[in-house]
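Biologist: Please show me the model, and then I will ask about a few places in it.

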Amino acid sequence: MADYEAFDDRFWSLVIGSAAIEQLWSGGRWVEGPVYVPAAKAVVWSDIPEDRLMRYDETSGAVSVFEHPCGYHNGHALDAFGRIVACEHGGRRISRLGFDGRWQTIVDRFEGKRLNSPNDVVVKSDGSIWFSDPSYGIDSDYEGHAAESEIGACHVYRHDPESGETTAVITSLSRPNGLAFSPDERILYVSDTGATHVSGHPRAIHAFDMTADGRAVAGAGRPFATADADLFDGFRVDTAGNIWTSCGDGVRIYAADGTLLGRINIPGPVSNLCFGGAKRNRLYITAKWSLYAVYVHATPAGWARSSAWQGAA
Ligand code: MG
């Protein structure tokens, strides 16, 4: 199978046809949650059932264990200070790796009840933390600790670090999973992997318009893309608003208008991805039990903003 498959000619302006897809590491059990840590020149990702975090050193190419045990981490994001924000299935919390090297709890309850098992997270430019909370980490002991849901539902939440307030912003999805904002942060995209629990459930990424104040979504949202191969899990958005998403058949790229532009074929179901490297043009991909990388002609939304912020500091 070819490495690249185009369904729309715009695809060829986003990938580099001569760039090889590299398998950087294999040996995990179910890998997820890659995050690029610029100050460490490293990618950190989760191997959820093994309860460990792994690290790829971009300079030496070495892969090592970053932390074990770790609380069955899943998704990660960076905040404006470059700190890792984590979703913990085992800890049933959103945590953050402080400058002192300790994980601090950011949020672990909603209305007094424990979260299910936060899955994926994004930090908005105003510092608010948006995360999904499906049940995968409490469904069994495989990816966390089996338990009943205290909340009894799977929501998307917004946490305001200044006020400490946590709000349920999307309550209409079955198993909200990956999430990301459009470059102008006026649309929130969320995948729903409810088909793991409900036969025939739509395998979709949904698009939600944001309210004018950027603190909530307006309306019920609309289907943005539908997967005909397995599921959409984690995804990222580039500076032009294209969605680079995991899927059962590789990495799919959708234009902001919903057109499927093409696919980068990766063996094994892809769980998530992130942009990294000095120019942020290297796509790191977690798929089943392996980490892959490929150079592309795109950079992540928000990178210019974080660069400007760092320059002003
Ligand atoms: Mg996920």
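Modeller: This is a predicted model, in which local features need pLDDT of at least 70, side-chain atom pairs count only at pLDDT 80 or more, and totals for chains, interfaces and linings use all residues. Residues are numbered from 1 along each chain as its sequence is written, and side-chain values use heavy atoms, with hydrogens and water left out.

Biologist: What spacing do the donors of the magnesium ion follow along the chain?

Modeller: Donors are N, O and S atoms within 2.8 Å of the metal (3.2 Å for Na, K and Ca); water is not among the atoms, so sites may look incomplete. Glu32 (OE), Asn119 (OD1), Asn177 (OD1) and Asp233 (OD) coordinate the magnesium ion at 2.2 to 2.7 Å. Along the chain, the spacing of these donors is E-x86-N-x57-N-x55-D.

Biologist: How many residues apart in sequence are the parts that Glu32 and Asn177 tie together?

Modeller: Strands are DSSP runs (E, at least two residues), numbered from the N terminus. Glu32 lies in strand S3 (residues 31-37) and Asn177 in strand S17 (residues 176-181), so the parts tied together by this pair are apart in sequence by 145 residues.

Biologist: Which side chain does Thr286 join in a polar contact of 2.8 Å?

Modeller: Thr286 lies in strand S26 (residues 282-287) and is buried, with a relative accessible area of 0%. Buried means under 20% relative accessible area (1.4 Å probe, protein chains only). A polar contact is a pair of N or O atoms within 3.5 Å; within protein, one must be able to donate a hydrogen and the other to accept it, and residues adjacent in sequence count only if both atoms are side-chain atoms. The partner of Thr286 at 2.8 Å is Ser271.

Note on methods
Helices (H or I, at least four residues) and strands (E, at least two) are DSSP runs, numbered from the N terminus. Buried means under 20% relative accessible area, exposed over 50%, partly exposed in between (1.4 Å probe, protein chains only).
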